[in-house]
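Hi,

Here is the structure I promised to pass on. Have a look at it first, and then read my notes below.

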Amino acid sequence: QTAGWVQCEELCQQFPHGITDQVIQNDMPHLEPQQRAMAINKLLSLGQLDLLRNSSGLLYRMKDMQSTSKMKGSDNQEKLVYQIIEDAGNKGIWSRDIRFKSNLPLTEINKILKNLESKKLIKAVKSVAASKKKVYMLYNLQPDRSVTGGAWYSDQDFESEFVEVLNQQCFKFLQSKAEAARDSKQSPMVQRNSSFATSHEVWKYICELGISKVDLSMDDIETILNTLIYDGKVEMTVIAAKEGTVGSVDGQMKLYRGVNPVIQPTGVVRTPCGLCPVFEDCHEGGEISPSNCIYMTEWLDF
Amino acid sequence: MTAQEVRLCGLLLQEHFGEVVAKVGTHLLKSGAQNLRTIIHETGISLDLVKKSLCVLVQHGTCVFSSGRKAPGSPTEYRTSCDRILRILRYPRYIYTAKTLYGDTGELIIEELLQRGDMTMSSTVKTVADRLTQNMEEGRSMDYSEVSSAFSKLVETHFLQRCPPMAGAGTKDSGTPATPATPAIPESFPDCYRVPHVTLIGRGKRRLSNEDGEDQRNAKKTKMDSETHGDEGIYWQVNFERFHLHFRDQAIISAVANKLDQTSSEIVRTMLRMSEVTTSPTATCTKPLSANEIFRSLPSSYNIPRPILDQYLTLLVDDPMEFVGKAGESGGGMYVVNLHKALANLARATLESVVQERFGSRSARIFRLLLRKRHLEQKQVEDFAMIPAKEAKDMLYTLLSQNLVQLQEIPKTPDYAPSRTFYLYTVNQLPTARMLLQNCYKTVANLIERRLFESKESKRLLEKSQRIEAILASLQASGAEPEQLTEVEEMITAPEKQQLEALRLHINKLDSAENQVDETIFLLESYVNSTATS
């Protein structure tokens, strides 16, 4: 019996593409079908064989030595879990989802995950969306952007300063372009058109500045430029562009331009009441009133 | 008529007409239309004083009267409204505008009319001439005809209008139906802007400085002056709406100058000037003007060639603020100024400015984001604004608590379970503008109260300084020696002088702050009113 499966193993090694039951039978005619089955099962449980099916029947194939050595000592459940994690690719998979897919109880899952982690086969990556949630993926994979948050996150922390710096740099670039256009004293149409910059131009400028440790895509720059629009400092138009023009996406190009504010800060914010944090509580005769308002006193003596 | 508006009206009436009028006025504001007996009964003020207060209020157009509603022949009822009283806050701006447009003469005409409520043309001209003569050098005086021509110009450009003739009060004629509750609109009368033919020959009279006692006699003399000039019974008042249109145009022009450049704002100014008489006050946009007409009407100092003008007009049309719109192609292109849209944009900029100054530029970013995108979830706000989740949440909740941002629930299931509901943040411009307007009224009332408080605190000191000034003046007039004068001057100590100076600065600051807040009030009121009509 013991020789049976060793011989099967050798046979498999001889034929790396896999062998059918017929081949084993031919090689070891003295082996009973039952014994054959037992030998195959033994090899399967050792994790040295892969069971495949082709048009003519079952196929037994030697597993790749690398992966075999990895999985040595693991049992089926672990293999299953590993398979599920591998399938999740670089997006990773949450432990609860592993449970759904494998139908294993939670305690088993946790044990297996700990095991696999210690063997350095998988790793846990904290998702940026929910800081308590951990997704698992294969050890050597780069996590996908949606998990790490992309260029704006480093180790789960939103890089506010970095975003701020980029914001200011983009604005300076657009502002100086607008000023140059104004000083050129050409006809108004030409002035306005030359004050525009495409998102591609801004992207190139930022890349050349070299202030970013990570690579920024044009989409990243466009999200920064959008925040400038929400700051009221920049406006955007979209023009049609020929396919293949540098910086065009889907036949369109986005143009950005620095703009001036349309009014000065309005009258009411120049008074203490306009900025007062206790405005609602203030009335004549109360604890807080115009007569004893400390903000007014400060403002009057300014 | 909100509580803040009533409070502000009360303060304004008190400052301009005194406590009794303020009491009667605020009472009418709070209780609606009432007849004389009820007013006396509820305010506890004597008949005589109530009558005088009502006279003052009617004279200034803040109170209207009409026959009782219960039955024809029932006692006349009196009614006030907040709007007219709130205009008092804007008097300085009206006077200043008249000065910039029509010089000192225009300024004084408007000032007199605002102070008196309504006057005939002849009395206005005489009073203004006297006042101007007072300030001129010795031996010179102001001719009536100059003042009359300034007056006529003001009427031509509709800044002044005739008061609508009062329907006979208390008609005993049972055949006449009760006068309608709404006061007659001045412009419904055909002669509204017709200058009457007056015979006014003469010059202003200078008042001599030692005629204190004679002033009283002179005043009495004018009343008994039986000189008639052909315009008895025709009273004139200031046309506030016209001033408001002027302010609105100014706001639009300066917005264009800020956003684009000087030349574009000049073009818009020309367009607005051309549309002054053809556009109704409540119109959404001006009547279409062709590029040819605009080109011809540009001021001669702006010598821009025709194709360049076309470029400027195209740029104005393309601008996202949409100040100017294109209405057609004839005549080289027909253009309109989008009045209501410009007001909405200015109101929006005002709201954004308030959020920015009060809560910081990142909250302002969130506010502008919500204005653009209408409805957003919490997560989307964080992503678009690129603000970390914790801080974004904090800012959104602050804005929510101040009612600048609203929360809209969209349930996925009928039971409104929180885990199965969308919560969307949104900003509604119009209700937010209204709320801010009320805050502005409260702010102005606060400033006025503080000003009154400061004066009251230093009342003793003010009285002392006034007494000393009077003593100084009389000593100087009777030819005293310099030592005596210095002795009197030194009765005010140095720290007291400092205190007086500080007080003066405080009062000035509060005054100018009131005017600044009034600018915000004007923009927001115009915006809110424009949405009511469109």
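Among contacts in chain A between residues at least 6 apart in sequence, what percentage join residues at least 24 apart? The answer is 48%. Before you read on, keep in mind that this is a predicted model.

A bit more on chain A, then. It has 302 residues, and 39% of them are buried. In secondary structure, chain A comes out with 14 helices and 11 strands.

Now the interface. Chain B puts 51 residues into the contact and chain A puts in 50. Together the two chains bury about 4500 Å², and carbon and sulfur atoms account for 62% of that. On the chain B side, B:Arg365, B:Met386 and B:Arg450 provide 16% of the area that chain B buries against chain A, more than any other three residues.

For the polar part, there are 21 residue pairs in polar contact between chain B and chain A, counting pairs with both residues at pLDDT 80 or more. Several helices of chain B each supply at least two residues of the side that touches chain A, among them helix 10 (240-259), helix 14 (339-359) and helix 21 (494-533). Helix 18 of chain B gives the largest share of that side, 10 residues. Sorted by class, the side of chain B that touches chain A holds 23 nonpolar, 13 polar and 15 charged residues.

The rule also finds 2 salt bridges across the interface. In one of them B:Arg365 pairs with A:Asp231, and the closest N and O atoms are 2.9 Å apart.

Most residues other than glycine have a negative phi. B:Arg374, however, has a positive phi, near 65°, and B:Met386 has one near 55°.

Where do these two residues sit, and is each one buried or exposed? B:Arg374 is in the loop between helix 15 and strand 10 (375-377) of chain B. It has 58% relative accessibility, so B:Arg374 counts as exposed. B:Met386 is in the loop between helix 16 and helix 17 (389-401) of chain B. Its relative accessible area is 7%, so B:Met386 counts as buried. B:Met386 is also one of the three residues named above for the area that chain B buries against chain A.

Cheers

Technical notes. Residues are numbered from 1 along each chain as its sequence is written. Chains are lettered from A and ligands numbered from 1 in the order in which they are written. This is a predicted model: local features need pLDDT of at least 70, side-chain atom pairs count only at pLDDT 80 or more; totals for chains, interfaces and linings use all residues. Side-chain values use heavy atoms; hydrogens and water are left out. Contact means heavy atoms within 4.5 Å. Buried area is the accessible area (1.4 Å probe) that two parts lose on being put together, summed over both. A salt bridge is a side-chain nitrogen of Lys or Arg within 4 Å of a carboxyl oxygen of Asp or Glu. A polar contact is a pair of N or O atoms within 3.5 Å; within protein, one must be able to donate a hydrogen and the other to accept it, and residues adjacent in sequence count only if both atoms are side-chain atoms. Helices (H or I, at least four residues) and strands (E, at least two) are DSSP runs, numbered from the N terminus. Ala, Val, Leu, Ile, Met, Phe, Trp, Tyr, Cys and Pro count as nonpolar, Asp, Glu, Lys and Arg as charged, and the others, Gly among them, as polar. Buried means under 20% relative accessible area, exposed over 50%, partly exposed in between (1.4 Å probe, protein chains only).
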